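Student: I would like a close look at a single part of this model, with the terms spelled out.

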Amino acid sequence: AGNLNDRESLDRALAGAYGVFAVQNFWEHGPDAEVRQGKLLGNAAKAAGIAHFVYTSVGAAERNTGVTHYETKWQIEEYLRELSLPLTVLRPVFFMDLFNDPKYPAPAAWSLLASALGNEKKLQMVAVDDIGSVAALAFARPDEYIGQAVELAGDELTIPQAAAAYRNIVGRSPCYLSIPTWPVGLLNRHAGIGIRWLRAEGWHTNIAQARARHPNLHTFERWLLSQKIGQTSKRRKRSNPTKLLQG
């Protein structure tokens, strides 16, 4: 166990360790704390002689986006390079898992993205499980991955295309409405900046290249099949309708 705010606890945790997988939570701690934690862990890893440091950043971190929670990760990336750590950086795009996260009501997530992107702009996505799989692969093949910044995206769809995939797998259409995005900035300034960037710029990961290197990256449909929402729907389709009516 270690505490990202306590160097002594990190030193104890890293003693004798081969590698570090690092990710900090901007949304829990804010920008200053995220950067401080990332640097503290990097310093501890350097002192411990860690053989491989795998850091999860974000897609487009290097593009001077102005998005607060991307800029913090770029700061950490740059600091880890200054330490000359044996470093692999993973840069994932939008998490598919946010469509099935109890902290984010599905209608709100769909509605917000639909309003931000319209019907034509595509959203690049990656399954969280794939980030873990690629991290494991990086640790297994250090000669191939150390010194690399790896963009991770498994699919890119417009919101209507994503809704059609959802309907095909789950058996019902996702519920979403056209809502204004400006209140997001009033509720959370950093989230508002992110939404504006997504509408104006968005991610541009080369998915063909990502798939060539990591052929098992989930498509959105395959991810849906792996989720309980899809599994539950398919079980219900096979059930006796009378029993469903009885609850």
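Student: In strand 2, which residue is the bridge partner of alanine 22?

Tutor: The bridge partner of alanine 22 in strand 2 is tyrosine 55. This is a predicted model, in which local features need pLDDT of at least 70 and side-chain atom pairs count only at pLDDT 80 or more, while totals for chains, interfaces and linings use all residues. Residues are numbered from 1 along each chain as its sequence is written, and side-chain values use heavy atoms, leaving out hydrogens and water. Helices (H or I, at least four residues) and strands (E, at least two) are DSSP runs, numbered from the N terminus.

Strands 1 and 2 pair (DSSP finds at least two bridges between paired strands) in the parallel sense, over 4 bridges. Buried means under 20% relative accessible area, exposed over 50%, and partly exposed in between, with a 1.4 Å probe and protein chains only. In a regular strand, side chains alternate between the two faces of the sheet.

Strand 2 (52-56) is also among the elements that cover the buried residues of helix 4, as are helix 3 (31-48) and strand 3 (87-92). Those buried residues include Tyr70, Ile76 and Leu80. Helix 4 (residues 68-82) has 15 residues and should span 21 Å at 1.5 Å a residue, which agrees with its end C-alpha atoms being 21 Å apart; the expected span is 1.5 Å times one less than the number of residues. Serine 84, with a positive phi near 60°, follows helix 4.

Methods:
Contact = heavy atoms within 4.5 Å.
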